[in-house]
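Q: Could we work through the reading of some strands and helices, one feature at a time?

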Amino acid sequence: MMRFFVLIFAVIGLIGAGPQSASAQEKTAVQKGFELAPNSGKRILVFRPAIRVGAQSTAGLFEPNADWTEEATKNIQASLAEFQERIGNEVINAPEAYGAEAQNLQEHMDLFAAVSRSAIKYQFFAGQRLPTKKKDNREDIFDWSLGSGVSSLPGADGADYGLFIFNKDAYGSTGRKLLQGLAFLARVPVKSGEHQGFAGLVDLRSGDLLWLNADFAMGGDVRKPEGAQKRVGQLLEEFPGSDLPDGRGE
Amino acid sequence: MSKFRQLSLLALAPLSALVFMPPLHAATAPMPPPFEGVYQPQGVDEIGWWREDDEDERALLNSPVLIHDEKLNNYVTDVLCRTVGYDRCSATRVYIIREPVFNASMTMNGTMRVFSGLLLRTRNEAELASVLAHEFGHFERRHGLQRFKGLRSGSDVAAWASVLAGVSMNYGAHRSMHGLNYQIYGSYFRFSRDDEREADLLGLGYLNSSDLRPHAAAEVWENLMGEATASASIKGLKKPNFGRVAFFASHPGNQERANYLSALALPDGAGRDDGADRYREALADWMPIFLDDQVKLNDFGASEYIIESLAQNGWTAELWFARGELYRNRGHPRDLVNAAEFYREAAFADPDLADAYRGLGLSLMKAGKRSEGQGALRRYLELNPDASDAKMIRMMAPELEVSE
């Protein structure tokens, strides 16, 4: 039931404060000194990506869609393997875990989410950025770690790096688009659709966060294979060792 | 402006048509409907939410807050199954979460979360069954999906109204918009309370048709009101008003729930067993842990109420010990006197309960009774020489040869 409280207060917030302003935010960071040459043949362990795809109701509620989510998961995983193959890395999907191993894995999934969300909130984007992190940004320091416990994760002994992916898409419903149109006339900014995600690369020995990319306004329709390809390109933007001509000219 | 008012009324019409539920006038809660087979989600929304719930459940399964003890899990699941029927309950999974709050929840896909604070407060199998059957009622009636759909249509109307008010840019339109928003939020919570009443009724129906005493359902709420009153009184607050329903209340008032649950319980069921002995036996290993979690909440009135309520079946070493901890944690000089007495009772009831000597020793030391306290602490170290705090305690109570 808690979820509905969160929802309703989100809606109250929306109505009370007026629709949020659309702010495109994206940023990438790499741990100082970390380099990965193209075609270095590293083995990358990909943890079960957290992917949610749905629609956005007129008022902005997330309406999950199982079919879209399934398609998107399939497409993103395929594009991901293709992307890494292109830059010369080997993708290994994390093995199914049981018992204590599964608990350890879940803890680390949550830990990664917490650490990367903190990095995004307190170092990446203006707003709640901490003074110490502002200083880090000036000095090009990106220093976050999950701790060496990651080396005990299932599948970690056969890989060099771990890749975590979070992705959420909410496609604007017809009602949302109509509302956006009318709101435009009323000069109220209403955003239709939400496409955000972040991805991080972790050293499976030290647990250090080597690379993190967050993008809160991505393109590409993940429900289609070619759209997912574009999305993976944006999720893995400036991925170490990906300075290949991939058409995006970043 | 009047045109806008008409529009807002028009938009509300489908909402208000659904707001009023038939009053509860049956003599007893109706018997549960016949089992229609295992339900599968239908439609985009329901299938989508079930998938979200599946993901959450996947994470929950490996969560450190979960109590994995098979014996306890089997017992709680069995209480649910015996109450709602084994055919029905096969669609749900029960998870026990170690968190000292009175709560249980049910998701659309049949994930039932039972919090340890609930297990501490229910005093017998029938009380536990009433809460589990209530949660199962939400699942059976698919309330979660209805809440989502209700919230979505309500918020859609509110979103249109706010934009339309923005277009018209006049004071009256804004005022109408705000009035409309209150109506929408009000009806959302009213729907939520109606769902709770329906689940209460359905849960009681299961209890009426089980072999447990259905009157226990009302006693859960009476007990909870007693606890809230005790908690408020120790804090010097006004006695809570259990009849009042706040605008944002998601559940009906506790008094109302206790009243209708007691009125609709099957009178013939009053003589039935409520399974207090089975319940105590099944929870025996966990009671000290749940009590400890509760004591650490620093809610003196509520904890004292719970301990005394559990002690109605006789004081045990664990209850005396928990009470000692409660008083020692509050730690006024007058509390230390009481705490020492409670620890002595605990040690009397179970002479091998090492922690009772620890508590006794620390209480006495703090109250200035040094040698007496050191004696108790030495007894603690004798009983539990490998305690994690053994080194610290040894500093407070050195071996006799050394100190002389």
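Q: In the hairpin of S7(A) and S8(A), which residue takes a positive phi?
A: This is a predicted model, in which local features need pLDDT of at least 70, side-chain atom pairs count only at pLDDT 80 or more, and totals for chains, interfaces and linings use all residues. Residues are numbered from 1 along each chain as its sequence is written, chains are lettered from A and ligands numbered from 1 in the order in which they are written, and side-chain values use heavy atoms, with hydrogens and water left out. Strands (E, at least two residues) and helices (H or I, at least four) are DSSP runs numbered from the N terminus. In this hairpin, with five residues between the strands, A:Gly207 has a positive phi near 85 degrees.

Q: How many bridges join S7(A) to strand S8 of chain A?
A: Two strands pair if DSSP finds at least two bridges between them. S7(A) and S8(A) (residues 209-215) run antiparallel and are joined by six bridges, with A:Phe198 opposite A:Ala214. Strand S6 of chain A (residues 161-172) also pairs with S7(A) in the antiparallel sense, over ten bridges; there A:Phe164 stands opposite A:Gly200.

Q: Why is strand S7 of chain A described as largely enclosed?
A: Buried means under 20% relative accessible area, exposed over 50%, and partly exposed in between (1.4 Å probe, protein chains only). Eight of the ten residues of S7(A), residues 194-203, are buried, so the rest of the structure largely encloses this strand.

Q: Which residues lie on each side of S3(B)?
A: In a regular strand, side chains alternate between the two faces of the sheet. On one side of S3(B) are B:Thr111, B:Arg113 and B:Phe115, and on the other B:Met112 and B:Val114; all are buried, and both faces are covered. Since five of the five residues of this strand (111-115) are buried, it is largely enclosed by the rest of the structure.

Q: What strand runs parallel to S3(B)?
A: Strand S1 of chain B (residues 93-97) runs parallel to S3(B), joined by five bridges, and B:Arg93 stands opposite B:Thr111. Strand S2 of chain B (residues 104-106) instead pairs with S3(B) in the antiparallel sense over three bridges; B:Met106 has B:Met112 as its bridge partner. Their hairpin has four residues between the strands, and B:Gly110 takes a positive phi near 95 degrees.

Q: What length is expected of helix H14 of chain B?
A: The expected span of a helix is 1.5 Å times one less than its number of residues. H14(B) (317-330) has 14 residues and reaches 20 Å from first to last C-alpha, close to the 20 Å expected. Eleven of its 14 residues are buried, so the helix is largely enclosed by the rest of the structure. H14(B) is followed by B:Gly331, with a positive phi near 75 degrees.

Q: At what angle do the axes of H12(B) and H14(B) cross?
A: Axes are lines fitted to C-alpha atoms, for helices over the stretch in contact, and angles run from 0 to 180 degrees between N-to-C directions. The axes of H12(B) and H14(B) come within 10 Å and cross at roughly 15 degrees. Angles under 35 degrees count as roughly parallel, over 145 as roughly antiparallel, 65 to 115 as roughly perpendicular and the rest as oblique; H12(B) and H14(B) are therefore roughly parallel to each other. The contact (heavy atoms within 4.5 Å) involves B:Pro288, B:Leu291 and B:Val295 of H12(B), and residues of H14(B) including B:Leu319 and B:Ala322.
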